[in-house]
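Work through the exercises below with the sequence and the model open. Each task is followed by a solution in steps.

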Amino acid sequence: MKTRKKLEGNGLWESSRMMLPEHKETIIRRQLEEGRKERPTLDPQEMELIESALAESFHEHTAIKVRLFDEYEDKELTGIVVLIHTVRREIKLSMADREWHWIKIDEIISVR
């Protein structure tokens with residue numbers, strides 16, 4: 001009697017729930033790529049505004065909120081620019097909790 005139920009509807013597929021590791025990896029990779037987003041292209045004016053805001057934070061010691069690009073979810077950091085490394089195009093952002101981060105200027109998509 002049980003075999004009859006397995007043959008009804010989608011029972012045959014439901015009774016064989018084995019999945020190969022390769023299939024599982026492919027499914028996970030597809031799900032990750034669906035959530036991935038493209039890096040926004042900033043025009044030269046926008047980059048100039050970002051760089052001037054970074055320089056102002058450095059010279060005036062004012063806190064800024066920096067939004068960084070990430071493929072899945074953008075990150076926001078708040079702090080004061082304490083060092084600008086022009087050759088490597090990086091800034092050192094000092095946070096309120098005495099923590100600091102080196103940030104590549106090309107990763108920044110907006111500054112407030």
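Predicted model: local features only at pLDDT ≥ 70, side-chain atom pairs only at ≥ 80, totals over all residues.

**Exercise 1.** Describe the setting of E90: its element, its burial and the polar contacts of its side chain with R88 and K104.

Solution. 
- Step 1. E90 is placed in strand β3, which covers residues 90–94.
- Step 2. Its relative accessibility is 11%; because buried means under 20%, E90 counts as buried.
- Step 3. The E90 side chain makes a polar contact of 3.0 Å with the side chain of R88. Another, of 3.2 Å, joins it to the side chain of K104.
- Step 4. With neighbours within four places in sequence set aside, the contacts of E90 include L83, H85, W102 and K104.

**Exercise 2.** Which residues does I91 touch, not counting those up to four places away in sequence, and is I91 buried or exposed?

Solution. 
- Step 1. I91 is in strand β3.
- Step 2. Its relative accessible area is 0%, so I91 is buried.
- Step 3. The residues it touches are L54, V81, L83, I84, H101, W102, I103, I105 and I108.
- Step 4. A55 is 36 residues from I91 in sequence, and the C-alpha atoms of the two are 9.8 Å apart.

**Exercise 3.** Find the residues of the nonpolar surface patch and the strands that supply them.

Solution. 
- Step 1. The patch is made up of V82, L83, W100 and W102, with about 360 Å² of accessible area together.
- Step 2. Strands β2 (75–85) and β4 (100–104) each contribute at least two of its residues.
- Step 3. W102, in strand β4, has 33% relative accessibility and therefore counts as partly exposed.

**Exercise 4.** Trace the salt-bridge network that contains E76 and R112.

Solution. 
- Step 1. The network links K37, K65, R67, D74, E76 and R112.
- Step 2. One of its pairs is R67 with D74, whose closest N and O atoms are 3.8 Å apart. R67 is partly exposed at 34%, and D74 is partly exposed at 22%.
- Step 3. Another pair is E76 with R112, at 2.7 Å from N to O. E76 lies in strand β2 and R112 in the segment after β5 (108–111), so this bridge ties together parts 36 residues apart in sequence.
- Step 4. E76 is partly exposed, with a relative accessible area of 36%, while R112 counts as exposed at 59%.
- Step 5. The count of salt bridges comes to nine.

**Exercise 5.** Summarise the protein: its helices and strands, and its share of buried residues.

Solution. 
- Step 1. There are four helices and five strands, following the pattern α-α-α-α-β-β-β-β-β along the sequence.
- Step 2. Of the 112 residues, 19% count as buried.

Methods
Residues numbered from 1 in each chain as written. Heavy atoms only, no water. Buried < 20%, exposed > 50% of the residue type's maximum accessible area, 1.4 Å probe, protein only. Polar contact = N/O pair within 3.5 Å; in protein donor to acceptor, adjacent residues only side chain to side chain. Contact = heavy atoms within 4.5 Å. Patch = residues over 30% accessible without salt bridge, like charges linked within 9 Å, V, L, I, M, F, W, Y side chains within 5 Å. Areas by Shrake-Rupley, 256 points an atom, 1.4 Å probe, with all protein chains shown as cover. Salt bridge = Lys/Arg side-chain N within 4 Å of Asp/Glu carboxyl O.
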